[in-house]
Amino acid sequence: MSLKECYVKLGGDYEEVLARLFSEDMVRRFLKKFLSDGTYRLLLEKLSEDYPEAFRAAHTLKGVCENLGLSDLCKSSSMLTEALRAGERPENLDVLIAQVCTNYEQAVSAIQMLTGC
């Protein structure tokens, strides 16, 4: 799979990311690092006990996704971030986290196909 094909699967803008990170090698390197980033796991852990920390994890995930051009995951994590901003459990938390989980799994799958990890 090419990097451009990966971004189609990710729902991202390949040209925008390439302009930001300057080379395909750099984009690949940061995508590979994304696979080992612990923010998503921290988010899931904190959702059951600490909503202010869950907000911070969701906000971090959103920022990472924005920088890497993971548009679908960026959008769903942004919605979750805003819902958690008050530091309390939002009414629609189950729907929001389900969408983040789906988008995260899709992103990981596409990146693994690209990197062979």
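This is a predicted model: local features need pLDDT of at least 70, side-chain atom pairs count only at pLDDT 80 or more; totals for chains, interfaces and linings use all residues.
The structure holds seven salt bridges, and another of them joins the side chains of glutamate 15 and lysine 4, with 3.8 Å from N to O. Because glutamate 15 lies in helix H2 and lysine 4 in helix H1, this pair ties together parts that are eleven residues apart in sequence. Within helix H2 itself, arginine 20 forms a salt bridge with glutamate 16, the closest N and O atoms being 2.6 Å apart; these two residues are four apart in the helix, so about one helical turn separates them. Elsewhere, Glu45, Lys46 and Glu49 are linked in a network of salt bridges.

Helix H3, which covers residues 24-36, shows another aspect of the structure. Its 13 residues reach 19 Å from the first C-alpha to the last, which is close to the 18 Å expected at 1.5 Å a residue. Which residues of H3 are buried? They are Val27, Leu31, Phe34 and Leu35, and, seen down the axis of H3, they fall within an arc of 105°, so they line one face of the helix. On the other side of H3, Asp25, Lys33 and Ser36 are exposed. The buried residues of H3 pack against several other helices, namely H1 (3-10), H2 (14-21), H5 (51-68), H6 (71-84) and H7 (93-115).

Notes:
Residues are numbered from 1 along each chain as its sequence is written. Side-chain values use heavy atoms; hydrogens and water are left out. The expected span of a helix is 1.5 Å times one less than its number of residues. Buried means under 20% relative accessible area, exposed over 50%, partly exposed in between (1.4 Å probe, protein chains only). The arc is that of the directions from the helix axis to the C-beta atoms. Contact means heavy atoms within 4.5 Å. A salt bridge is a side-chain nitrogen of Lys or Arg within 4 Å of a carboxyl oxygen of Asp or Glu.
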